[in-house]
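Colleague: Could you walk me through this one slowly? I am still learning how to read a fold.

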Amino acid sequence: MKISTKYNFYIRIDCGYNSGMGHFSRAERLINILGVRKTNLILDSNNNQIEKYEKFKKFFLYNHPEKFSSEKLDAIKFIKIIKNKKNVVVIVDDYRLSKKWEKLVSKYCLKMICID
């Protein structure tokens, strides 16, 4: 079975206007290396730069003007998205998220890849 059909990939990145597209570029390269075709992208809020990447299904954690406020709240919102999914692999590239976030989310996924 191909890796792309066996697992559900969810990428959590900080893709705000201040952080640039570096997080997204790293995650996209990793997905391409793994050969995954269907990936879910979980972002803080809508960023016009992301619109051109149509191959990803996008989820937004915060509605404007709401913003990231704590790791715990972010983890709870993230878990709501992945909670009922099977074979979840999470790729996280966000400098604001630490071991606290990872501990909360890791209970709902098979594997977690953290890019730091």
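This is a predicted model: local features need pLDDT of at least 70, side-chain atom pairs count only at pLDDT 80 or more; totals for chains, interfaces and linings use all residues.

Colleague: Which strand does E4 pair with over six bridges, and in what sense?

Modeller: Strand E1, residues 8-13, pairs with E4, residues 88-93, in the parallel sense over six bridges, and Phe9 has Val89 as its bridge partner in E4.

Colleague: And what does E4 pair with over four bridges?

Modeller: That partner is strand E5, residues 111-114, which pairs with E4 in the parallel sense over four bridges, and within E5 it is Cys114 that stands opposite Val92.

Colleague: What about E1 and E2, how many bridges join them?

Modeller: Four bridges join E1 to E2, and these two strands run parallel; Arg12, for example, has Ile42 as its bridge partner in E2.

Colleague: So what is the order of strands in the sheet?

Modeller: The sheet is an open one of five strands with parallel pairing, and reading across it gives E3-E2-E1-E4-E5. Its edge strands are E3, residues 56-60, and E5, each of which pairs on one side only. On average, neighbouring strands of this sheet are turned by 20° against each other, with direction ignored.

Colleague: Is E4 mostly covered or mostly open?

Modeller: E4 is mostly covered, since six of its six residues are buried. Both of its faces are covered, with Val88, Val90 and Val92 buried on one side, and Val89, Ile91 and Asp93 buried on the other. E1 is also mostly covered, with five of its six residues buried.

Colleague: Which strands does H3 lie across?

Modeller: H3 lies across E1, E2 (39-43), E3 and E4, and it runs at about 160° to E1. H4 packs on the sheet too, where it touches E1, E4 and E5, and its direction makes about 160° with that of E5.

Colleague: How do H3 and H4 pack on each other, at what angle and how far apart?

Modeller: Helix H3, residues 71-82, and helix H4, residues 99-106, pack at an angle of about 25°, and their axes are 9 Å apart. Because angles under 35 degrees count as roughly parallel, H3 is roughly parallel to H4. The crossing in which H3 passes H4 is right-handed.

Colleague: Which residues meet there?

Modeller: From H3 there are Glu71, Lys72, Asp74, Ala75, Phe78, Ile79 and Ile82, and they meet Lys100, Trp101, Leu104 and Val105 in H4.

Colleague: Changing topic, where is Phe68?

Modeller: Phe68 sits in the loop between E3 and H3.

Colleague: Why does Phe68 count as partly exposed?

Modeller: Phe68 has a relative accessible area of 22%, and buried would mean under 20% while exposed would mean over 50%, so Phe68 falls in between and is partly exposed.

Colleague: What is Phe68 in contact with, leaving aside its neighbours within four places in sequence?

Modeller: With those neighbours left aside, Phe68 is in contact with Arg12, Tyr62, Asp74, Arg96 and Leu97. Asp74 is also one of the H3 residues that meet H4, and Arg12 is the residue whose bridge partner in E2 is Ile42. As for Ser45, which is 23 residues from Phe68 along the chain, the C-alpha atoms of the two are separated by 9.3 Å.

How values were computed. Residues are numbered from 1 along each chain as its sequence is written. Side-chain values use heavy atoms; hydrogens and water are left out. Axes are lines fitted to C-alpha atoms, for helices over the stretch in contact, and angles run from 0 to 180 degrees between N-to-C directions. Angles under 35 degrees count as roughly parallel, over 145 as roughly antiparallel, 65 to 115 as roughly perpendicular and the rest as oblique. A crossing is left-handed if the near helix is turned anticlockwise from the far one by less than a right angle, and right-handed if clockwise. Contact means heavy atoms within 4.5 Å. Buried means under 20% relative accessible area, exposed over 50%, partly exposed in between (1.4 Å probe, protein chains only). Two strands pair if DSSP finds at least two bridges between them.
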